[in-house]
Amino acid sequence: MEIIKLKFNSHGDERGSLIAIEEGLDIPFSIKRVYYVFDTLKNVHRGFHSHKKLEQILICVSGSCKILLDDGKEKSIVNLDKNDEGLYIGPDMWREMFEFSENAILLVLASEVYEENDYIRDYDEFISYRINNN
Ligand code: TYD
């Protein structure tokens with residue numbers, strides 16, 4: 001499985017650091033929604049879904065967490081622990097998020113507004129959707 005990670009430029013000086021992310025330059029889609037996940041307990045697993053159309057970039061802007069990606073054939077675990085690195089997740093990819101550190105903030109840039117119809121939340125349904133749409 002190809003893991004697509006994007007590296008963002010950090011503008012650091014003696015005052016601290018700043019990272020800017022611009023659609024068209026740093027992100028391969030138009031950003032229609034931004035959300036962030038925080039206060040997640042260490043033993044909690046979240047996600048457990050895929051999307052039919054949605055594209056997302058996940059950035060752990062504080063702390064760390066792990067993302068399990070599953071394309072229906074292969075699984076891969078990605079460690080997110082750098083605030084200048086984004087993980088691209090396209091459609092038809094099952095994902096789970098876990099092992100959030102105490103201070104973790106997971107920022108997500110999304111190509112569409114929230115639409116429950118775009119979700120597949122049942123793993124068997126995800127597998128049959130993949131088989132029928134690829
Ligand atoms: P949920 O899909 O369970 O989160 P995760 O994928 O991390 O397990 O979302 C939690 C709640 O937040 C659920 O009630 C739906 C709502 N929600 C929105 O209203 N807008 C959003 O953009 C997202 C991602 C979730």
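Modeller: Strand 2 (33-38) and strand 3 (46-51) each supply at least two residues of the shell around the ligand. Strands here are DSSP runs of E, at least two residues long, numbered from the N terminus. The model is predicted, so local features need pLDDT of at least 70 and side-chain atom pairs 80 or more, while totals for chains, interfaces and linings use all residues. Residues are numbered from 1 along each chain as its sequence is written, and side-chain values use heavy atoms, without hydrogens or water.

Strand 3 gives the most to this shell: three residues. The residues around the ligand are Arg33, Tyr35, Arg46, Gly47, His49, Met97, Tyr114, Tyr119 and Arg121, each with a heavy atom within 4 Å of it. They divide into four nonpolar, two polar and three charged.

Now the polar contacts (pairs of N or O atoms within 3.5 Å). A polar side-chain atom of Arg46 sits 2.8 Å from a ligand oxygen. Gly47 uses a backbone N or O atom, also 2.8 Å from an oxygen of the ligand. For Arg121, a side-chain N or O atom is 3.1 Å from a ligand oxygen. On its own, the ligand has 540 Å² of accessible area, and the protein covers 58% of that. Such areas come from the Shrake-Rupley method with a 1.4 Å probe.

Note on methods
Polar contact = N/O pair within 3.5 Å; in protein donor to acceptor, adjacent residues only side chain to side chain. Helix = DSSP H or I, 4+ residues; strand = E, 2+ residues; numbered from the N terminus. Nonpolar A, V, L, I, M, F, W, Y, C, P; charged D, E, K, R; others polar.
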